[in-house]
Amino acid sequence: MFGGIEFLNKEFFWLFLLLPLIILWYVLKINKQTAELKISSLKGFQVTQSWLPKLRHGLIVLRVVALALLITALARPQTVDVSSRTKTTRGIDIVMAMDISGSMRAEDLKPNRLEALKRVAAAFVKDRPNDRIGLVEYAGEGYTRTPITSDKGIVLRSLNEIDFSTVLEDGTAIGTGLGIAVNRLKDSEAKGKVIILLTDGVNNSGFIDPKTASELAAEYDIKVYTIGLGTNGMAMFPAMTRNGDIQRIRVQVEIDEALLKEIALVTGGKYFRATDNNKLAEIYDEINKLEKTDVEEFKYYNYEEMYRPLVLLAGFLLILELLGRFTLFRSFV
């Protein structure tokens, strides 16, 4: 009955304890409300049955119900309509620098390293609705695939289209990838500037030293989270034979963890090692939790008072009681 209704002054409900006392008082006094005439016998009198005396008990019912309505009205019932509006303060600008060298074909992550990365990165993008995100891909060279944008649809489509066919030159230019990402963020006025740098190898290409790029990132207050991707030891890798067939061979996984740790340390970030799909997903989830965007939520409350109909109904019942008391039942009460 009272779904969606709140009572502002609930303490008035204690007054309901008076209602049983009123009923008890009425029951005790009911026999004294009419005059009594004692006679020895009713013989010789014509006895008629009237329903009017029985209905007089309805007067106390009207009064009790009216009092119950007034008590409920005193408790001040009201409905509350809550609407909210969110306002995002200065968000975070994020650039994901992704290694797409040939070694990302390794199948220690399923179905391979690159596809596993794309799936996890896509989920990360969807979880950052209030931030701007850009994509940088690198192998022996690097370039900006998607400038920093708040349009997540563009970022997700671009991420889905990343493939080994886009590699201009094989190799792993970590410094180049990091340098391009820094260049994209250096003029940003966002509250936070973050680079997620992922690689599965060692720096063996490019003209930018990774340490120099990390120092440049620190100068522009850009935090770099580094991820080393790949199992420890050996990994299965598809290779083409001389006759054009594809066979899988085991190759040694080599990641310059010392370099990745140093980049993270210099920039105030953190280094992670992803050895399988679940670990990679956990890493992106942790980064998502570490880098929070401030979102202000404004709530608007619209109150509608509900006591007026109760008061009107209670008044109507009391008027009915008075009319009955001084008209139909005047001889009984």
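**Exercises on a predicted model**

**Exercise 1.** Locate T149 in the secondary structure, and decide whether T149 is buried or exposed.

*Solution.* Step one: T149 lies in strand 5, which covers residues 142-149. The model examined here is a predicted one. Step two: the relative accessibility of T149 is 18%. Step three: the cut-off for a buried residue is under 20% relative accessible area. T149 therefore counts as buried.

**Exercise 2.** Describe the surroundings of T149: which backbone atom does its side chain reach, and which residues beyond its sequence neighbours does T149 contact?

*Solution.* Step one: the side chain of T149 reaches the backbone nitrogen of D151 at 3.0 Å. Step two: setting aside neighbours within four places in sequence, the contacts of T149 are D131, R132, I133 and V155.

**Exercise 3.** Characterise the largest nonpolar core: how many residues has it, and which elements supply them?

*Solution.* Step one: the largest nonpolar core contains 33 residues. Within this core, M96, I196, I227, L280 and Y284 have the most contacts. Step two: among the elements giving two or more residues to the core are strand 3 (92-99), strand 6 (192-199), strand 7 (223-229) and helix 9 (277-290). Helix 4 (113-126) and helix 5 (152-161) also belong to that list. Step three: helix 4 provides the largest share, 8 residues.

Step four: take I196 as an example. Apart from neighbours within four places in sequence, I196 is in contact with I94, V95, M96, A97, F124, Y225, I227, Y284 and I287. Step five: there is also a second, separate core of 19 residues, including Y138, I148, I180 and A213.

**Exercise 4.** State what secondary structure the model gives to the spans that UniProt lists as "transmembrane region".

*Solution.* Step one: the unreviewed UniProt entry places this feature at residues 12-28 and 310-328. Step two: residues 12-28 are 65% helix and 0% strand, with the end C-alpha atoms 27 Å apart. Step three: residues 310-328 are 89% helix and 0% strand, and here the end C-alpha atoms are separated by 26 Å.

**Exercise 5.** Summarise the chain as a whole: how many helices and strands are there, and what part of the chain is buried?

*Solution.* Step one: the chain has 10 helices and 11 strands. Step two: of its 333 residues, 40% are buried. Step four: of the contacts between residues at least 6 apart in sequence, 80% join residues at least 24 apart.

Technical notes:
Residues numbered from 1 in each chain as written. Predicted model: local features only at pLDDT ≥ 70, side-chain atom pairs only at ≥ 80, totals over all residues. Heavy atoms only, no water. Helix = DSSP H or I, 4+ residues; strand = E, 2+ residues; numbered from the N terminus. Buried < 20%, exposed > 50% of the residue type's maximum accessible area, 1.4 Å probe, protein only. Polar contact = N/O pair within 3.5 Å; in protein donor to acceptor, adjacent residues only side chain to side chain. Contact = heavy atoms within 4.5 Å. Core = buried A, V, L, I, M, F, W, Y, C linked by side-chain atoms within 4.5 Å. UniProt positions renumbered as here; feature names shortened; annotations may be inferred.
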